[in-house]
Amino acid sequence: MLSLMLNAAAAPATPAEGPSQLLVLGMHHSGTSLVSNLTMMMGAYGGARDELLLHPENPLKFWERRDVVALDEARLDAGVREEVAERYQVPNWIAYGFDAAHKGAGHSGAVHEMKEAKAIVENLNAHRPWVTKDPRMCLVASEWMELLDAPACVIVHREPLSIANSMMIYSHNVSLAEWSSVYEAYYASVVAACDGKPTVVVQHEELMRAPYEAVRKLHRELTAAGVQGLTLPAESRVAALIAPSAKKSPLYLGSEKKVRAPPPPPPPPARARPPADQRGLRVRRALALSRGERPGGGAPFSGSPFGGGERPE
């Protein structure tokens with residue numbers, strides 16, 4: 001169902017001058033950092049390097065603006081319902097229990113009502129086309145849309161069970177059903193916010209399997225949606241960032257116990273050996289037959305290769 005919704009959202013609705021404000025949207029661990037990096041590699045402006053959150057050891061991580069993340073965190077914290085959030089121990093950045101209508105402690109209005117958000121957009125608008133990314137933004141994307149005059153969505157999608165598997169390291173008491181509800185909350189909010197907007201969908205599995213082909217597709221679809229000023233990066237630059245991987249994302253929860261194979265069936269019971277006196281009798285009969293003698297005595301068989309004739313049938 002969600003795939004159908006994403007496909008529907010992907011239908012471009014290109015304004016006359018084309019979109020120039022790109023929002024990379026997707027749940028945590030879906031690949032938004034990589035897509036944001038690649039979009040900047042195409043020429044979209046993301047900010048000065050010191051304005052970005054970057055991982056000190058992993059060049060694939062983050063690529064998101066500090067001011068956007070800080071604002072989103074404050075907005076989500078104020079909208080989390082404590083009675084829901086306290087059910088599970090999950091990191092605050094998941095925003096489990098977020099309700100856009102809730103006005104908790106520190107609430108200062110929706111995103112489009114904040115002067116800080118207006119200043120961020122005004123700064124970025126001086127560098128069109130621009131791109132920004134924050135998984136938290138999924139839950140408040142519709143509020144950010146109120147500040148944009150030429151938006152486009154880049155939705156990064158990863159299979160829900162694969163996301164759940166990667167998220168289990170942060171909380172081991174969250175069920176599959178609950179992680180599925182978080183996944184649905186994030187992407188349902190994205191689809192609603194991007195309805196009627198030019199939208200491109202990037203599949204995580206395609207990006208991992210064939211990175212440069214996925215980049216070519218992303219560039220082609222952004223250009224078709226009307227985004228101007230983007231250049232396809234050289235394959236060598238993309239290859240230096242990420243290598244193709246044939247490994248498929250697990251579609252199971254890593255926390256689940258491995259199902260053991262059923263034990264092999266017990267061996268059939270051994271045939272009972274006859275008593276010793278019967279075994280001796282059989283041996284004596286076999287030896288007698290081998291000599292052509294009749295069991296129990298008597299003349300040998302005539303024609304037997306062991307002493308005369310043919311044995312009776």
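Predicted model: local features only at pLDDT ≥ 70, side-chain atom pairs only at ≥ 80, totals over all residues.
Starting with the big picture, the protein chain has 313 residues, and 44% of them count as buried. Its secondary structure comes to 12 helices and 6 strands. Looking at contacts with a separation of 6 or more, 72% are between residues 24 or more positions apart.

Next, the sheet. Four of the strands line up as an open sheet, in the order β4-β1-β5-β6, with parallel pairing. At the edges sit β4 (130-133) and β6 (199-203), each of which pairs on one side only. Going from one strand to the next, the twist averages 20°. As a general point, strands of a sheet pair through backbone hydrogen bonds, either parallel or antiparallel.

Glutamine 21 shows up in both pairings: its bridge partner in β5 is proline 151, while in β4 it stands opposite tryptophan 130. As for solvent, β1 is mostly covered, with 5 of its 5 residues buried. In a regular strand, side chains alternate between the two faces of the sheet. Here, Gln21, Leu23 and Leu25 are on one side of β1 and Leu22 and Val24 are on the other, and both faces are covered.

Now for the helices that go with this part of the fold. Helix α8 (residues 176-194) packs on the sheet, where it touches β1, β5 and β6. The direction of α8 makes about 155° with that of β5.

On the α7 side, the contact involves Pro160, Leu161, Ile163, Ala164 and Met167. Those residues meet Leu176, Trp179, Tyr183 and Tyr187 of α8. By class, this contact has 9 nonpolar residues, with no polar and no charged ones. An α-helix has 3.6 residues a turn, so residues three or four places apart point the same way.

The crossing of α3 past α5 is left-handed. Asp67, Val68 and Leu71 of α3 make the contact with Glu116, Ala117 and Ile120 of α5. Sorted by class, the contact of α3 with α5 comes out at 4 nonpolar, no polar and 2 charged residues.

Then there is helix α2 (residues 32-42), which is mostly covered: 11 of its 11 residues are buried. Among them are Thr32, Ser33, Ser36, Asn37 and Thr39, along with Leu34, Val35 and Leu38. The methionines Met40, Met41 and Met42 are buried in α2 too.

Histidine 29, in the loop between β1 and α2, has a phi near 65°, a positive value in a residue other than glycine. With a relative accessible area of 24%, histidine 29 is partly exposed. Alanine 95 likewise has a positive phi, near 60°, and is a residue other than glycine. It lies in the loop between α4 (82-85) and α5. Buried means under 20% relative accessible area, so alanine 95, at 6% relative accessibility, counts as buried. Finally, the peptide bond from arginine 128 to proline 129 is cis, with omega near -5°. Proline 129 has its place in the loop between α5 and β4.

How values were computed
Residues numbered from 1 in each chain as written. Heavy atoms only, no water. Pairing = 2+ DSSP bridges. Helix = DSSP H or I, 4+ residues; strand = E, 2+ residues; numbered from the N terminus. Axes fitted to C-alpha atoms, helices over the stretch in contact; angles between N-to-C directions. Contact = heavy atoms within 4.5 Å. Nonpolar A, V, L, I, M, F, W, Y, C, P; charged D, E, K, R; others polar. Left-handed = near helix turned anticlockwise from the far one by under 90°. Buried < 20%, exposed > 50% of the residue type's maximum accessible area, 1.4 Å probe, protein only.
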